[in-house]
Amino acid sequence: MRVAIADDGTLFREGLVMLLAAAGHDVVAAHDGGDELLVTLGAEQVDIAILDIRMPPGEEGGLATARRIRAQYPDIGLLMLSHYAESHYLRAMLEIGTEAIGYRLKERIAGVQMLNDTLERIHAREIVIEPVLASRLIEIGEHRDTAMAGLGERELDVLRLMAEGRANRSIAEQLFVSVKAVEKHVASLFVKLEIPGDATMHHRRVLAVLSYLQAQKVGGVGR
């Protein structure tokens, strides 16, 4: 993929450039601020922009720049990075969008495999959320616990793999079933978990995964 970076931490930025190059990606540019990144996006073809949340301009310049990128270049994927697991950053990201976007902790993408997985999912128009952050988004009440307990074994298998970030085709291959069967299980668990039907498909998947992660935290589900 063609990637552009904006991070005001020199050592991390240079390390990320080396990591991306080792993974076979084309680093179009690496800047220390959002304004310079926007200039690059206006002149170069870029698949994904990687931004530090806390960088110029302003204390949370990465979020401000991400909003401008999504407004001007909606097809470019966004990966926001931070040393800090902050719920309000995550909520701000969800306001920017729920497709082709991600928020990861810097120490979690310090390997080629994890970085590649994150970029591939964003490029596939998915949303990627650090699990420790995702589990803070919602609180599951008694009715949601009951709904989780009402999921069938296969639905729990599908939900567990969704929580790993797998798309329907990958889930089907893992469970040795058809993609149509996976789609049927996904639709069923949406209903049982009372996931709103007026949200986008990616947003509904996120809400389902959040329910799963929170249920694991408060008592455990599945195997």
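Let me start with helices H9 and H10. In this predicted model, helix H9, residues 168-175, packs against H10 with the axes 8 Å apart and an angle of about 110 degrees. Angles of 65 to 115 degrees count as roughly perpendicular, and H9 and H10 are therefore roughly perpendicular to each other. On the H9 side, the contact is made by Asn168, Arg169, Ile171 and Ala172, and on the H10 side by Val179, Val182, Glu183 and Val186. By class, the residues of this contact are five nonpolar, one polar and two charged.

Between H9 and H10 there is a loop, and Phe176 sits in it. Phe176 has a positive phi, near 60 degrees, and is a residue other than glycine. Is Phe176 buried or exposed? The relative accessible area of Phe176 is 76%, so Phe176 is exposed.

H10 has another partner, helix H8. H8 covers residues 153-163 and H10 covers residues 179-192; their axes come within 9 Å and cross at roughly 95 degrees. H8 and H10 are therefore also roughly perpendicular to each other. From H8, the contact takes in Arg154, Glu155, Val158, Leu159 and Met162; from H10, Val182, His185, Val186, Ser188, Leu189 and Lys192. Six nonpolar, two polar and three charged residues make up this contact of H8 with H10. Val182 and Val186 of H10 are listed in the contact with H8, and they are listed in the contact with H9 as well.

Ile195 has a relative accessible area of 7%, and because buried means under 20%, Ile195 is buried. Which residues does Ile195 touch, not counting those up to four places away in sequence? They are Phe190, Arg204, Leu207, Ala208 and Ser211. For Ala208, which is 13 residues from Ile195 along the chain, the C-alpha to C-alpha separation is 7.0 Å.

Now the chain as a whole. The chain has 11 helices and six strands, and 47% of its 223 residues count as buried. The accessible surface is about 10,600 Å², with 50% of that belonging to carbon and sulfur atoms. Among contacts with a separation of 6 or more, 65% are between residues 24 or more positions apart.

In soluble globular proteins, nonpolar side chains tend to be buried together. Here the largest nonpolar core has 28 residues, and those with the most contacts inside it are Leu37, Leu51, Ile69, Leu78, Met80 and Met93. Helix H4, residues 87-96, gives the largest share of this core, five residues. Take Ile69: leaving aside neighbours within four places in sequence, Ile69 is in contact with Leu37, Leu38, Leu41, Ala49, Leu51, Pro74, Ile76 and Leu78. There is also a second, separate core of 19 residues, including Leu151, Ala172, Leu189 and Phe190. Of these, Ala172 is in the contact of H9 with H10, and Leu189 is in the contact of H8 with H10.

Two backbone details to finish. Ala100 lies in the loop between H4 and strand S5, 101-105. Ala100 is not a glycine, yet its phi is positive, about 50 degrees. Ala100 counts as buried, at 0% relative accessibility, whereas Phe176 is exposed. The other detail is the peptide bond from Pro56 to Pro57, which is cis, with omega near 0 degrees. Pro57 is in the loop between strand S3, 48-52, and helix H3, 61-72.

How values were computed
Residues numbered from 1 in each chain as written. Predicted model: local features only at pLDDT ≥ 70, side-chain atom pairs only at ≥ 80, totals over all residues. Heavy atoms only, no water. Axes fitted to C-alpha atoms, helices over the stretch in contact; angles between N-to-C directions. Helix = DSSP H or I, 4+ residues; strand = E, 2+ residues; numbered from the N terminus. Parallel < 35°, antiparallel > 145°, perpendicular 65-115°, else oblique. Contact = heavy atoms within 4.5 Å. Nonpolar A, V, L, I, M, F, W, Y, C, P; charged D, E, K, R; others polar. Buried < 20%, exposed > 50% of the residue type's maximum accessible area, 1.4 Å probe, protein only. Areas by Shrake-Rupley, 256 points an atom, 1.4 Å probe, with all protein chains shown as cover. Core = buried A, V, L, I, M, F, W, Y, C linked by side-chain atoms within 4.5 Å.
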